[in-house]
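Please keep the structure open as you read.

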Amino acid sequence: MPLDEVAQEVDGHPGCPDCRRCVVPGTAAWDGCEDPCTGSTGGQLSVNATRVYPSTTTSFPQQDQAVRDARNCAPPPVTAVELVITVLRCPPVPTEEGCPPSCEELRESARILHVDALTVYNALLCCLPHTAPAGRRGRRFVLGQQRTVGPQGGCVGIEQTVTVALPPCLPCTEPESP
């Protein structure tokens, strides 16, 4: 996993050996920055699908607006899936006396966040094309916006969107008569 690899290359980066790694339904809950059972602060890496829609080979990632009915049941040539990859970490927090985190603690948190952001971005660029079945060009995708999220709920992190082209579904079959 790229976050584990970057920990070996970038001094002080926590990687993702202790973090929660989840495919989640809907928006990821921000409850995995610190594990209350183990005290681990490895963070959370999650992926969720936000949208699935028809597209075409020539207009991907645009949505196909073809009207379909019982006579036109052909599946679209491309199924587009919009994914959100989220990496969350525990940011520095005020002390029990209410003192804010030091500038050094904030700088280190920002450095880790930026390394996470570039790692996710580069992992998608380098690895995602090779996830397709046999083919010369690899999986088609469009990188979307990446944004910083938080701090909120004891977490800070990044969200990266990517729209991926999947092969079409199987064609419709006629229902069997009783």
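Helices (H or I, at least four residues) and strands (E, at least two) are DSSP runs, numbered from the N terminus. The model is predicted, with local features needing pLDDT of at least 70, side-chain atom pairs counting only at pLDDT 80 or more, and totals for chains, interfaces and linings using all residues. Residues are numbered from 1 along each chain as its sequence is written, and side-chain values use heavy atoms, leaving out hydrogens and water.

Start with the open sheet, where 5 strands run in the order β1-β2-β3-β5-β4 with mixed pairing (two strands pair if DSSP finds at least two bridges between them). Because β1 (20-23) and β4 (141-152) each have a single partner strand, one side of each edge strand is left without a neighbour in the sheet. On average, neighbouring strands are turned by 15 degrees against each other, direction ignored (axes are lines fitted to C-alpha atoms, for helices over the stretch in contact, and angles run from 0 to 180 degrees between N-to-C directions).

Which element gives the largest share of the lining of the largest pocket? That is α2, with 5 residues (lining residues have an atom within 4 Å of a point on a 1 Å grid over the protein atoms alone, and a pocket is an open set of points where a 1.4 Å probe fits, with protein on both sides within 12 Å along at least five of seven lines).
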